[in-house]
Amino acid sequence: MLVLVAPGQGAQTPGFLTPWLELPGAADRIAAWSDAIGLDLAHYGTQADADAIRDTAVAQPLLVAAGLLSASALEVTPGAVAGHSVGEITAAAFAGVLDDTAALQLVRKRGLAMAEAAAITQTGMSAMLGGDPETVVPHLEKLGLTPANVNGAGQIVAAGTVEQLAALAEDKPEGVRRVVPLQVAGAFHTRHMAPAVEKLAEAAEALVPADPTVTYVSNKDGQAVETGAEVVSRLVGQVANPVRWDLCMETFQKLGVTALLEVCPGGTLTGLAKRALPGVQTLALKTPDDLDAARELIAEHSAQTA
């Protein structure tokens, strides 16, 4: 059983979209999406520097566009789909809940709303490597931080003010080997994003979602969601609630996952899967050079695909 997954913010790097635009029809598709959302995706994906694409309002639509573009180069009907944070919108498109343009219009509004919320207070996120959740989470709460991403495989991401994150760097929880600041511009999936939830809820009212055509696994609790309306409701609420990727991976196991394919810019989620899902084949789409290997993976596991 093949699971198709989409990464979240922080996976982007300067120029990562460049080789993908050489695929037939790719430049035209990116141009059409750019017109639809009022953002030059080709420029930001090929020419902009790291600071420019760190901007939440830019990074989020860029990541969704890259995920959709890379997946379109493959013929794949996965057994399940999921995305990490903003990648949930990419996954919603994979599942047929939203069409590509609607997904990009929603993520554009999400990015703008979250950037606006992040500007209210100086906040950020840091990943902790190692440590037991039963020890790490109370330590974070003591410092006023939120465990915004519980990613499994020994990784929890803390979010809060820059002062709180500085205190964490000086006072690591027991068992944590490293605290790594992330390239994001706010404390996502925390109470600091409450203003963005309201704006996203307004944007969601205009959507006409379809029910998922494949199993859609939600960040909220790792559960499969059966209706398009519930998928959209969860997309709105997740902006200010923790990402439970650990529970998503547990659900993959229960579903009988045998392979996990991560769309562009892949790497983060396959890295977590290698540690948390032993025996599961993984592949990350980084450049079009990875497409042949992806096709082989799909062919090998398609007989088991729901």
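## The largest pocket

The lining of the largest pocket holds eleven nonpolar, eleven polar and no charged residues (Ala, Val, Leu, Ile, Met, Phe, Trp, Tyr, Cys and Pro count as nonpolar, Asp, Glu, Lys and Arg as charged, and the others, Gly among them, as polar). The model is predicted: local features need pLDDT of at least 70 and side-chain atom pairs 80 or more, while totals for chains, interfaces and linings use all residues. Residues are numbered from 1 along each chain as its sequence is written, and side-chain values use heavy atoms, without hydrogens and water.

The space in the largest pocket is about 380 Å³. Of the 22 lining residues, Gly 8, Gln 9, Gly 10, Leu 182 and Thr 268 are the closest to its centre. On a 1 Å grid over the protein atoms alone, a pocket is an open set of points where a 1.4 Å probe fits, with protein on both sides within 12 Å along at least five of seven lines; lining residues have an atom within 4 Å of a point. The volume is the space filled by probe spheres set on the points.

Helix 12 (268-276) is among the elements that supply at least two lining residues, and helix 12 gives the most, with three. Helices (H or I, at least four residues) and strands (E, at least two) are DSSP runs, numbered from the N terminus.

Four strands form an open sheet in the order 4-5-3-6, with antiparallel pairing (two strands pair if DSSP finds at least two bridges between them). Strand 4 and strand 6 (176-181) are the edge strands. Five bridges join strand 4 to strand 5, and Val 150 has Ile 156 in strand 5 as its bridge partner.
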